[in-house]
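Here's a quick briefing to read alongside the coordinates. Have the viewer open and follow the topics in order.

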Amino acid sequence: MSHIDKIRGYIRESAAEFLGTMILIIFGCGGNCQAVLSSNTAVSATPKGDYLSLSFGWAVLLWGLWFVSGSCGHINPAVTLALASLRNFEWGKVPYYILSQLLGALCGGGIVYANYYHAINAYEGGSNIRTISGTGDLFATYAADYMTSLSCFFSERNEPIPVWLVPATVFIALLGISLALGMDTGFAVNPARDLGPRILTAMVGYGKDVFTYRNQYWLWCPILGPILGMQVGGMAYELLAHKRSESINNKSRYTDASSDSTRTPSGSDAA
């Protein structure tokens with residue numbers, strides 16, 4: 001492969017991560033905005049969605065993105081880090097994959113905010129009013145008031161989806177997560193999905209509270225929680241279920257077998 005082809009490959013991969021994550025946020029956060037903002041009669045005469053429709057929307061969207069990409073797109077920093085830790089994904093690609101995902105989420109959040117700008121004004125009561133409890137939580141995730149800090153961390157830590165599931169199972173898993181566990185912390189699951197739109201809300205007037213909320217909740221719950229949860233879940237899958245050669249349990253065995261088969265016999269071995 002020439003140097004130019006390698007550069008084109010990096011650009012193509014970065015663009016795919018950027019666009020995939022952006023689409024995820026446009027439809028996901030856009031669905032949040034439509035369902036919640038339309039519940040206010042100043043915005044719409046009748047509601048245009050509910051929690052069930054939101055859950056199906058996020059699940060169908062993620063399933064669709066994984067299906068059309070052939071499960072090759074990550075669109076999630078936790079997935080990228082897990083593949084680098086437990087598979088042969090190149091660590092050199094990790095920084096620009098995660099950066100592309102974050103920028104895609106930021107741009108997706110910006111598109112949704114621009115589309116619903118006037119509806120947000122009507123819902124909040126003016127263009128100079130922006131509150132987390134009002135519309136900020138339509139873009140980023142925040143814990144329910146009754147949740148303790150420790151409960152928040154383990155709620156997110158247990159939610160991430162295993163990397164190696166087929167798209168149909170991804171759909172079922174995310175739908176189950178959102179329906180059964182989403183109320184506590186908003187099922188961020190994806191660090192880029194939370195951080196990108198959170199940065200956007202800080203830029204458009206929601207203030208520093210989006211980052212200072214609950215002693216930097218944004219860092220240890222929707223960022224570190226899914227990343228650590230994915231590592232633990234992936235390791236458990238590797239140790240208990242995976243049997244193919246790319247498993248970290250089998251790498252040394254297959255490597256040894258390969259080296260033995262290619263080694264030139266000598267001495268008593270040759271005899």
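A quick definition before we start: helices here are DSSP runs of H or I with at least four residues, numbered from the N terminus. With that numbering, Lys 93 sits in the loop between helix 3 (77–86) and helix 4. Keep in mind that this is a predicted model. The protein chain has 13 helices and 0 strands, and buried residues account for 45% of its 271 residues.

**The chain as a whole**

- Reading from the N terminus, the elements go α-α-α-α-α-α-α-α-α-α-α-α-α.
- Take the contacts in the protein chain with a separation of 6 or more: 75% of them are between residues 24 or more positions apart.
- The protein chain has an accessible surface of about 13,700 Å², and carbon and sulfur atoms make up 64% of that.

**Nonpolar cores**

- The largest nonpolar core counts 34 residues, and the ones with the most contacts inside it are Cys 33, Leu 37, Tyr 116, Ile 120, Phe 139, Cys 152 and Tyr 217.
- At least two residues of this core come from each of helix 1 (3–37), helix 4 (94–115), helix 5 (117–124), helix 6 (149–157), helix 7 (167–185), helix 8 (191–203) and helix 10 (217–220).
- Helix 1 gives the largest share, with 5 residues.
- Which residues does Tyr 217 touch, leaving aside its neighbours within four places in sequence? They are Thr 141, Tyr 142, Ala 143, Cys 152, Thr 185 and Pro 222.
- Another core, of 15 residues, lies apart from the largest one, and its members include Val 79, Phe 89, Trp 218 and Met 230.

**Helix 1 against helix 8**

- Two packed helices can be described by the angle between their axes and the distance between those axes.
- For helix 1 and helix 8, the axes come within 11 Å and cross at roughly 70°.
- Since 65 to 115 degrees counts as roughly perpendicular, helix 1 is therefore roughly perpendicular to helix 8.
- On the helix 1 side, the contact uses Thr 21, Ile 25, Cys 29 and Asn 32, while helix 8 brings Ala 192, Arg 193 and Pro 197.
- Sorted by class, this contact has 4 nonpolar, 2 polar and 1 charged residues.

**Helix 5 and what follows**

- Ala 119, Ile 120, Asn 121 and Glu 124 are buried in helix 5.
- The buried residues of helix 5 pack against helix 1 and helix 4.

**The loop between helix 5 and helix 6**

- Tyr 146 is in the loop between helix 5 and helix 6, and Met 147 is in the loop between helix 5 and helix 6 too.
- What does Tyr 146 touch, not counting residues up to four places away in sequence? The partners are Met 183 and Asp 184.
- Tyr 146 and Asp 184 are 38 residues apart along the chain, and their C-alpha atoms are separated by 8.4 Å.
- For Met 147 and Asp 184, 37 residues apart along the chain, the C-alpha separation is 6.8 Å.
- Met 147 counts as buried because its relative accessible area is 9%, and the cut-off for buried is under 20%.

**A buried lysine**

- Leaving aside its neighbours within four places in sequence, Lys 93 is in contact with Tyr 10 and Glu 13.

- Ile 75, a residue other than glycine, has a positive phi near 45°.
- You'll find Ile 75 in the loop between helix 2 (51–68) and helix 3, and its relative accessibility of 6% makes it buried.
- Asn 215, again a residue other than glycine, has a positive phi near 55°.
- The place to look for Asn 215 is the loop between helix 9 (209–212) and helix 10.
- Asn 215 counts as exposed, because its relative accessibility is 64% and exposed means over 50%.

Technical notes:
Residues numbered from 1 in each chain as written. Predicted model: local features only at pLDDT ≥ 70, side-chain atom pairs only at ≥ 80, totals over all residues. Heavy atoms only, no water. Core = buried A, V, L, I, M, F, W, Y, C linked by side-chain atoms within 4.5 Å. Buried < 20%, exposed > 50% of the residue type's maximum accessible area, 1.4 Å probe, protein only. Contact = heavy atoms within 4.5 Å. Axes fitted to C-alpha atoms, helices over the stretch in contact; angles between N-to-C directions. Parallel < 35°, antiparallel > 145°, perpendicular 65-115°, else oblique. Nonpolar A, V, L, I, M, F, W, Y, C, P; charged D, E, K, R; others polar. Areas by Shrake-Rupley, 256 points an atom, 1.4 Å probe, with all protein chains shown as cover.
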